[in-house]
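Look at the model below before reading on.

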Amino acid sequence: MANSSKPAILVTGAAGALAQQVINRLRDDFHLVAVDFREQVYLGDDVPSYCIDFNKRVFEDLFRRYDFEGIIHLGRIMSSQETRMRRYNANVLGSQKLLDLAHKYGIHRVVILSTYHVYGATAYNPALIDEQAPLKSAGLSMDLIDSVELENLANIYLWRYPDLNITLLRPCNIVGPGVRNSISTLLASRRAPVLAGFSPMMQFIHIDDMADAIVLAYRKSHRGVFNVAPDDWIAYQHALDLSGCRRVPIPSIPPSLPRTIARLLGLKSFPSYLMSFFKYPVIIDGRAFRDTFGFKPKRPLKEIFRYYRENKHPV
Amino acid sequence: MSLRSFIKDKLVSQSLDDQINRIRKPLGSLGYDPWGIHNDTLKIGFSVAQKVYSKYFRVEAEGVENVPAEGPVLLIANHSGQLPIDGILIAFALASRQDRPRIPRAMIERFFPTVPYVGNMLNQLGAVLGDPVNCAKMLANDEAVIVFPEGIRGSGKLYRDRYQLKRFGNGFMRLAMQYNATVVPVGVVGCEETIPALANFRPLAKALGLPYVPVAVPFVLPAKVYLKFGKPMYFDNADIPEEKVTERVEVVKAEISELINQGLSERKRLF
């Protein structure tokens, strides 16, 4: 309420590095309100920050207090965090609550962050998967089911309530300073596991570019589902090499063996449900987003890997 | 990575290096494309293929200049010989031609990506999973794509069925029509004699999850191979029923059959 002349935006997942980048890019033009259900973060005096569970009734008070113009929903719990049930509650039911409130309070711009994991990694994946492709992850891993469900939900609201102007983004691997996902942890480690004989093609986007993409998606209102990925590709094992990681091969057949090894060793960054992503490529086609929004990533792959080579955390 | 550079230093000459670099390939900043082709591995593969092509199989290629230098192309050939040797030889013939060479992409069986090391190596050499989406995206990318419409029906056939064309799938014709791709028929003569198979051991193939397990000599025989590239064929994108598409496929098949017959009649001896 501090500055009512600026339109207000609700940003979720505020504790994450990506949300903070987005907030920094938008804070001059908008009145931002940050929410996270994990922790309360301080984002400066001009950005009110809350720690609220979307499924609690007090969440609606935010909508009463601030006259939101839009929502940037980045607060998806990653598959490596929490239990399956808590993830489902937060990602699916929480997001539904958020979208219901968005509709009730006449919000007319919503950007939702999803992930390329929804496509699922299989040996039969073609390269350059576009947005129309089926979301196979649902049939492959129960641990990614909440990501696919969130997508389905967003799609239902996208078509049922066109006035919400929902844009759903499916980025490739987001990496860079501050990112805490599995792939970033692997690139930042001194030794990283690989499946012997498999080095799937991968795509990486720098967190700064991804923040730019989200801001662009918010400002240029185009409804729909979009992949976000640069036109550049690299094999996983080569990426580890360039990031200065020593590769530790794990036997890859039969498929249950690497899963058991990863579970026994407690490799957090190499979880069993992502195993097929380290085996088979999931290359997405980012051309629709590039052409619709005029998006061009600025940080090349070499720069990304140089960062990881120079910033190693002890394992 | 170091092993790759080592092999590359040993095998790849400077002139070959320059030649591969000159060929147009839509690669990213680190030398890969979305399907996983890798420039340095390609050079190693090229230098190995050179010896296999000229020394072992003593390939005689005719009409390779018929393949257009630009735009989407489908190279349609007969498949034979248990292993995809014919694909490698066709690819090398086009990649090594003097006038405006191209790196064609071969569509491979769905079984290969599941095999450790082999799947990755094939991808780095330019082979791609034989999925219609892959083929469509490549044609949109102006690539030349090698397709064996017989699929495993062709490569797994027994020696007694040699040079008999099996049923052709219609998929390639639909794609050629949709993407306005030039179809170049190719007749391959000689690959049937590289690994002559007497029988197919079906129960073992089923147990191992393989398309077939041939009862054959355990090595590749040095047959002399003839590649006959036919005249380019063009098909419009008319909205026609499937039977008309089949008729168009039959035209291509007849052309390939004719090219095979030419090769067989010119052939003096098997090895």
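Where is the kink in H3(A) centred? The kink of H3(A) is centred on Gly94(A) and comes to about 25 degrees. The bend at a residue is the angle between axes fitted to the seven residues ending there and the seven starting there.

## Basis of the values

This is a predicted model, in which local features need pLDDT of at least 70 and side-chain atom pairs count only at pLDDT 80 or more, while totals for chains, interfaces and linings use all residues. Residues are numbered from 1 along each chain as its sequence is written, chains are lettered from A and ligands numbered from 1 in the order in which they are written, and side-chain values use heavy atoms, with hydrogens and water left out.

## Helix H3 of chain A

Helix H3(A) covers residues 84–104, 21 residues in total. Helices (H or I, at least four residues) and strands (E, at least two) are DSSP runs, numbered from the N terminus. From first C-alpha to last, H3(A) reaches 29 Å, close to the expected 30 Å; the expected span is 1.5 Å times one less than the number of residues. After H3(A) comes Gly106(A), with a positive phi near 65 degrees.

The buried residues of H3(A) include Arg87(A), Asn91(A), Gly94(A), Leu98(A) and Leu101(A). Buried means under 20% relative accessible area, with a 1.4 Å probe and protein chains only. An α-helix has 3.6 residues a turn, so residues three or four places apart point the same way. Among the elements that the buried residues of H3(A) pack against are strand E1 (8–12), helix H2 (58–65) and helix H5 (145–160) of chain A. Contact here means heavy atoms within 4.5 Å.

## Cavities

How many cavities of 30 Å³ or more does the structure hold? There are 2 of them. On a 1 Å grid over the protein atoms alone, a cavity is a set of points where a 1.4 Å probe fits but cannot get out, and lining residues have an atom within 4 Å of a point. A volume is the space filled by probe spheres set on the points, which are joined across faces, edges and corners.

The largest cavity holds about 300 Å³. Its lining has 28 residues, and Asn125(A), Pro281(A), Trp35(B), Pro113(B) and Asn123(B) lie nearest its centre. H5(B) gives the largest share of this lining, 4 residues. The second largest cavity has a volume of about 50 Å³, and its lining includes Tyr116(A), Asn173(A) and Pro281(A).

Notes
Buried < 20%, exposed > 50% of the residue type's maximum accessible area, 1.4 Å probe, protein only. 1 Å grid on protein atoms, 1.4 Å probe; cavity = no way out; pocket = protein on both sides within 12 Å on 5 of 7 lines; lining within 4 Å.
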